[in-house]
Amino acid sequence: MPTARGIRGERPFIVFMLVPAFFFLLMFYVYPTLFNLEVSFTDLSLFGLKQGGEWIGIANYVELVTSDDFHRVVFNTVVWLTVVGVAVRIVLGLGLALLLDSKVLDKYRLKTISRVLLLVPWATPPIVAIVSWRWLLNPQLGDINKLLLGLGIVEQPIAFLSEAAWVWPALITIITWNTLPLVALSFLAALQSLPSELLEAAEIDGAGRWQRLRYVIIPHLKPAIIVMTLMSTFWTFNNFVYVWLTTAGGPGLYTNVMATEVYIKAFIDGRMGYSSAVGVVMATLMVAFGMVYLRFIAQREFKEVF
Amino acid sequence: MPMTIRGLALAAMATTCFYGSVAAADTELTFRYAYDNVDEIQAGLDRFEELNPGITVTMERVAFKDARDQLIREGAAGAGPDVAHLAFVWIKDLGTAGACMPLNELIEEHGIGENGFQDFIATDLVLGDDEETIYGVPFATDTWGMIYNTEIMKEAGIEKVPETWEELLEASRKAKAIGKIGFGFAAGTSAANTIWFLANFNWWSDGGTLVESDGAGGYRLGISADQVASVIDYYKTYLDEDLTVPGALAMDAWNDPTILEQMIAGDMFATSVPVFTAVQIFDQWRERNPEKELPFTTAMTPHGSGKPTTHLGGQSLCVNANTDYPEESWKLMQWLNSWEFFENYNTGYYPAQQALLVKKPFPAEMTGFQKQFSEGARSWGPYARGPAAIGAMWNQTSRSFGAAFIGEKTSKEAADELLAFVQGLL
């Protein structure tokens, strides 16, 4: 075991070895972050990148805080995209993991094939998934509408990506389809580390299926659920590609989220300063979420880590 | 052994120098093209290389809607293609941003086009704020017109091609009554959608305009909130009464495959598209029905109290301000604007030069478009010359219309929101 003196003696070497990592962190994370913060206090325009912007203080922040449109964008990002999107993935991921771990699949020798099939959506690039789903959901030519009409479930085709009642569920379906496998596989891996003796003991003690799930399986999966919730929240909150390629934020502002708002303000309205302010708010919200989550939930579960 | 290594090193140096000098003899240009007639354009570039030994051209591709933003970003970073393919209305912004180089000297020294720069159309759109510096050259021109299915007209008892917006609405109702789609248009509300064009055609033909010159060097709104709201209501009627293509709110492009397919399949009464898309529809229909007579007619866009008006749109070219080869880039610009290039390679588009336009007649089925070109196409003018970026107005128009289309806002609220936004930019 290294002594304190030994570590002190090696400190210059350790610092030296960390310099490249710190350099890249400074260059590609800290500097852009600070630069973005500085730009958010200016009126920098897309068409004036060479000239630079003028310092306007907190005007961009005042504008976005007082803008009804921005309130809607925050609501969409937090409630629809993140809370609903992540909750659906966690619940379905858990259900899928339990199914894949069940004896039924073993009995019919479907375990391997079902796990391979689960990987297909995950291996599909988002752009391919989105284009395919757009076709599937097309009111005139899409197979989903053809099926619904054929089965007599609906009388008129549903415009899933343009009717207000359907657009968010459709969007979340696409995101879930593409990203669910990672969640399910993580839970499956955690499930497989659950000693079978625990379940057998619970069964002998008279615990039914629901009780085994509630008092044995879920507590065992808790660390995995916490990690996946945290990671899914970060990925989802910051996600641009699914919303942009599926609805581009429309109809109206109905599915516009913070990531698409950053793009629209910067590259369509040409307001780089305002767009940077939106980016700063996004980052602040995520940092705040991460801190609260780690402080109140993860810390309780991973005492040995913190 | 050391001798061998030294020998290899010398050989490597000699080889590098030799190939280096050969490579240096060729100027390698990059041309970024954004439309989809890639094979024809590539053939034209191959011909350019034959005519200009020592210059090679690589074609890069970009989605048209991203072409402006991409060049602006590259312009600020000192990168980008030597020659870029853009929209008419983007040149001023790109020139002001320093992404497109001033061309006055090159035009003066080497000339451009069949009859010089003054023979090009819409040249006001490629000038900088000083109205003297030329930042781009109009390349190909375009406008929109209407296509109608004549068989549906007969079957639905539509006696003549609609001339007014109200007639179009009524005719669409008749088409629906026989189980067909009425007027198909993309009503999606993304940032680069079709409703922007249809809204402006409607406003212009009723005497309104979103932006106009105030006559004293400034710009102002040229339309009332009521006028805007009534046009929102007009298009909303198609959505509410199912007179347009299902899922129209999820479609952004006029050439959305669903719209084209419904038109080609003969299930849609009418649509509004640019010239090239009309040609695509007709070609596709002929391919599927080689023995039959084309069941389409074309006409000018409908009108309100004024005359039918669409925009004189088109594509332009600019030389990147960061190019190392302005002279060679200019040779490419000259070739791309030559009659030989339009006659043999860029055959689907119409040159933005008066001298060349007369050499390229419209096919018989395109008379409506020809009429629109000569009698009812206007420049974006004050939209492009004024301080409000067209992209920003376009985006807000889409959002406001979209919010009203889905019932999130009333048409009056949406109209007020749009006008307040544009007023803020002016």
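Reader: Is B:Ala122 buried or exposed?

Author: This is a predicted model, and B:Ala122 lies in the loop between helix H5 (104-110) and strand S4 (137-142) of chain B. The relative accessibility of B:Ala122 is 14%. Since the cut-off for burial is under 20%, B:Ala122 counts as buried.

Reader: What is the phi of B:Ala122?

Author: B:Ala122 is a residue other than glycine, yet its phi is positive. The value for B:Ala122 is near 55°.

Reader: What is the omega of the peptide bond from A:Gly250 to A:Pro251?

Author: A:Pro251 is found in the loop between helix H11 (241-246) and helix H12 (258-268) of chain A. The peptide bond that leads from A:Gly250 to A:Pro251 is cis. Its omega is near -5°.

Reader: How much area do chain B and chain A bury between them?

Author: The contact draws 31 residues from chain A and 35 residues from chain B. Of the buried area, 55% is on carbon and sulfur atoms. The area that the two chains bury between them is about 2,700 Å².

Reader: Which residues of chain B lose the most area to chain A?

Author: Three residues of chain B together account for 20% of what that side buries. They are B:Arg399, B:Ile406 and B:Glu408.

Reader: Which residue of chain A meets B:Glu408 in a salt bridge?

Author: The count between chain B and chain A is three salt bridges. In the one formed by B:Glu408, the N to O distance is 2.1 Å, within the cut-off of 4 Å. The partner of B:Glu408 is A:Arg72.

Reader: Which element gives the most residues to the side of chain B that touches chain A?

Author: Across this interface there are also six residue pairs in polar contact. The elements of chain B that give two or more residues to that side include helix H3 (64-77), helix H17 (390-405) and helix H18 (411-425). The side of chain B that touches chain A has 14 nonpolar, twelve polar and nine charged residues. The element that gives the most, with seven residues, is H3(B).

Technical notes
Residues are numbered from 1 along each chain as its sequence is written. Chains are lettered from A and ligands numbered from 1 in the order in which they are written. This is a predicted model: local features need pLDDT of at least 70, side-chain atom pairs count only at pLDDT 80 or more; totals for chains, interfaces and linings use all residues. Side-chain values use heavy atoms; hydrogens and water are left out. Contact means heavy atoms within 4.5 Å. Buried area is the accessible area (1.4 Å probe) that two parts lose on being put together, summed over both. A salt bridge is a side-chain nitrogen of Lys or Arg within 4 Å of a carboxyl oxygen of Asp or Glu. A polar contact is a pair of N or O atoms within 3.5 Å; within protein, one must be able to donate a hydrogen and the other to accept it, and residues adjacent in sequence count only if both atoms are side-chain atoms. Helices (H or I, at least four residues) and strands (E, at least two) are DSSP runs, numbered from the N terminus. Ala, Val, Leu, Ile, Met, Phe, Trp, Tyr, Cys and Pro count as nonpolar, Asp, Glu, Lys and Arg as charged, and the others, Gly among them, as polar. Buried means under 20% relative accessible area, exposed over 50%, partly exposed in between (1.4 Å probe, protein chains only).
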